[in-house]
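Thanks for coming. Please have the structure open.

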Amino acid sequence: MTLLRDMCYPTPSELALAARALADEHPGPARLRQAGTSRGGRPLWLLSVEPSGRPQRAGVLVVAGAHANEPVGGATALALARRVLHEPAIRAGRGWHFLLCADPDGAALHRTPRPYSLLDYHRNFFRPPGPEQPEWAPSLLPPDRLPPETLALTALIDELRPVLQVSLHGTDLGGSWVQLTRDIPGLAEPFAKSAAELRIPVETGASDAAGWPSPGPGIFVMPQPGADPAGAFHPEDTRLSTWYHAHRYAGTTAIVEVPMWASDLVDDPAPHPDPRGALRFLAGRLTADAALVARVRDRVPGASEPGGGPGSGSGGDRDAAALLRAVDWTLALIPRITVEWTGPGAPTEATAASIGSIDAFGRRLSLRAAAMLLRVLRAQGHPAAPGLDRLVTGWCEEFAARFQARRVPVANQVEHQTRTVLAAYERLVAAGAVNA
């Protein structure tokens, strides 16, 4: 695939064109259809690869592009579709369905298709606030306020009743890990083997999964509905996300994370000598960094009222409002996180990998807020732009240096996600959760 050879992430429109060509090449098993429309009027495309005729049993749903700043999933979805098309035994009477981009509006505003450095990645960064993210919205909004992207995704789950739903995610810097709504026995071994072969570290203490059971390195099982969420460092209730919607049909969801830049510091199993001291330091630094961004934000005119969606409507004004909403959401989130880090529930024991993951998480929060605010300042010609630009540049350089970042080729990211998805499906078949 040329896009992968060029180290470039495909845009939603490129994904749609490639999927259309694939469907045209394989008019029997492959089909492309529109599964919904975004707030900004963009199509949500679903590529299906099915056995001859209509499948009689529940299949697999692969969701890409749920987070605008994590573009690798679309390339992986296409690679998986090609693999399923060329290896009919994989589908074996069961349909595979690929939602190519769950948030095309957000993807249109995150304009970094070919980032060669962390700074390049953050130059045109965008990640919408939680209530505007398709998978997270149900955990933060009442049912009558859910965005159309979320409604389209849950409608697909209701229609397809997948035995396995896979959400393809990525992280800017760190390692790879998998979150599961139910354990998939035996997944840890092929996951670790793939990561080792492709020189991708396994994130053994992912901050997103703090306190969750881990049946193997880099594999984390989410709290079950009705259980204690176990103190993960984010405000959303994971159990209300679209990931659990598949449980209505006895399905399991796997979230596969892969890094754009790798760091071996998130794969260090050694005990940290002073976790609480480290967390107090990290909380203090995050508070100070957020205050720097907040002071600049206070000087920026304009509200951040919700609109139709980034990239739609009145162009630059609409984009600026979307960016400012994301900045405000991130800044408001930070005090809640620092309380978690310094409160009585903070861990007394932790690995070096866990503290490293939390360190990276804190750095990216303030950096993302600053990077998105900088985009607005530049567009306005604001006098504070040069100073904030220097701050963003310095933070990116410190982040990369602290974690000894090394780039993971796009092709390796895609291959690792592809292998992990197929291994998850094969393990479900082996466990009898899927009738082969």
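The buried residues of α12 pack against α6 (118-123), β5 (164-174), α9 and α11 (352-380). Buried here is under 20% relative accessible area, exposed is over 50%, and partly exposed is in between, with a 1.4 Å probe and protein chains only. Contact is heavy atoms within 4.5 Å. Helices are DSSP runs of H or I with at least four residues, strands are runs of E with at least two, and both are numbered from the N terminus.

Before going on, the conditions. This is a predicted model, in which local features need pLDDT of at least 70 and side-chain atom pairs count only at pLDDT 80 or more, while totals for chains, interfaces and linings use all residues. Residues are numbered from 1 along each chain as its sequence is written, and side-chain values use heavy atoms, with hydrogens and water left out.

Back to α12. Which of its residues are buried? They are Ala 385, Leu 388, Asp 389, Val 392, Thr 393, Gly 394, Trp 395, Cys 396 and Phe 399. The helix covers residues 385-402, 18 residues, and spans 25 Å from first C-alpha to last, close to the 26 Å expected at 1.5 Å a residue. That expected span is 1.5 Å times one less than the number of residues. Just after α12, Gln 404 has a positive phi of about 50°.

Next, α9, residues 275-297, which packs with α10, residues 316-342, at an angle of about 155° with the axes 10 Å apart. Axes are lines fitted to C-alpha atoms, for helices over the stretch in contact, and angles run from 0 to 180 degrees between N-to-C directions. The pair is therefore roughly antiparallel, a label for angles over 145 degrees. On the α9 side the contact includes Leu 279, Leu 286 and Val 293, and on the α10 side it includes Leu 324, Leu 331 and Trp 341. By class, the contact has 12 nonpolar, three polar and three charged residues. Nonpolar is Ala, Val, Leu, Ile, Met, Phe, Trp, Tyr, Cys and Pro; charged is Asp, Glu, Lys and Arg; polar is the others, Gly among them.

Last, two loop residues with positive phi. Arg 161 has phi near 45° and is not a glycine; it lies in the loop between α7 (148-160) and β5. At 46% relative accessibility, Arg 161 is partly exposed. Arg 199, also not a glycine, has a positive phi of about 60°. Arg 199 is exposed, at 56% relative accessible area.

Terms used. Parallel < 35°, antiparallel > 145°, perpendicular 65-115°, else oblique.
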